[in-house]
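Please open the structure in the viewer and keep the selection tool at hand. The tour moves from the whole chain to single residues.

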Amino acid sequence: MDNTEMKQIQWFPGHMAKTRRLITANLKLVDAVAEIVDARAPLSSRNPEMDRLTSGKPRIVLLNKSDLADEKATQKWINYFRSKGAEAVAVDCKSGKGIKNILPSVRGNVLRELMEKRERSGMTGAAVRLMIVGIPNVGKSTIINRLAGSKRAKAEDRPGVTRTKQWVKLDDRTELLDMPGVLWPKFEDQQAAIRLAFTGAISDDILDTETLAMKLLSFLAEEYPQSLKDRYKIEPDAGDTGLELLEKVGRKRGMMISGGEINTERAAITVIDEFRSGKLGRITLELPPGKEE
Ligand code: G4P
């Protein structure tokens, strides 16, 4: 989805109300909810009302883009969500890692009781229905395509298909409901918004690129200094400001403008792009609350 479009939708209360209604109305049609989050910022990339909206439904959290996240942190997040009563699995749609664990985990863990009940009453043939939700850019379409393979592409090619909500039949035993409403992220929390801007999930223009890169560099110097040493061969000094770090990167990369000044704008674009594409290594932007070691 285009970022500008997303921003407009986010701020339009009518859309929020519609999405809320869609979720509430469709919950009764499904057995469980799969919530996709970005493994690099699992809380910041959640819809703030998701717990309330789906309360009472068994839930699985899919920590997607785990190829870009710090593995140890991802394990902490899995433990965190499990401690809150949801199942959680790490998924990487780039390589497909974790995809094959989703449905067995839904049947074996999330819906174990329902499966046992169906077994006892001889209803094992009934399909499991799963609602898929997630804020834009967490990889909802990619996961659904990975799960559905060619079946989904065929359904989309059919002309005149109503797109208000979309059931995707995976096999005789599983159906996914791809919720069409746009879920908004936590934009009232500024730190969360900044983390989402780092990942590219929300529009870059909440902050200008240089400010964004400076904030990212300060975070990296604090939490992942090795990534800066490895990628840019710079030594972050204690107390370096974001601007100083950005200048160090620009200088090392020879990004100069006439008069010997450093082109901090170019350096900022490089840092942001390289973070988003994983060139700075596997980085997680937030840890579960109250569990820092
Ligand atoms: P959405 O439906 O939730 O809005 O997200 P979508 O599937 O469109 O995915 C958003 C972007 O995230 C896409 O990149 C997609 O390729 C990427 N992505 C999804 N899952 C993963 C993952 O596990 N790891 C990584 N590294 N990236 C993932 P894009 O740049 O928008 O498009 P493209 O480069 O795929 O063309």
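**The whole protein.** Begin with everything selected, and bear in mind that this is a predicted model. The protein has 13 helices and 8 strands. Of its 293 residues, 50% are buried. If the surface is displayed, its accessible area comes to about 14800 Å², and carbon and sulfur atoms account for 49% of that area. Consider next the contacts between residues at least 6 apart in sequence: 70% of them join residues at least 24 apart.

Next, colour the strands of the open sheet, which has 6 strands in the order 3-2-1-4-6-5 and mixed pairing. Which strands stand at the edges? They are strand 3 (87–90) and strand 5 (166–171). Each has a single partner strand, so one side of each is left without a neighbour in the sheet. Turn the view to follow the twist, which averages 25° from one strand to the next.

**A pair of strands.** Now select residues 32–38, which form strand 1, together with residues 59–64, which form strand 2. These two strands pair in the parallel sense, over 6 bridges. Within this selection, pick out glutamate 35: opposite this residue, in strand 2, stands valine 61.

Key. Residues are numbered from 1 along each chain as its sequence is written. This is a predicted model: local features need pLDDT of at least 70, side-chain atom pairs count only at pLDDT 80 or more; totals for chains, interfaces and linings use all residues. Side-chain values use heavy atoms; hydrogens and water are left out. Two strands pair if DSSP finds at least two bridges between them. Helices (H or I, at least four residues) and strands (E, at least two) are DSSP runs, numbered from the N terminus. Axes are lines fitted to C-alpha atoms, for helices over the stretch in contact, and angles run from 0 to 180 degrees between N-to-C directions. Buried means under 20% relative accessible area, exposed over 50%, partly exposed in between (1.4 Å probe, protein chains only). Contact means heavy atoms within 4.5 Å. Accessible areas come from the Shrake-Rupley method with a 1.4 Å probe; for residues, only the protein chains shown count as cover.
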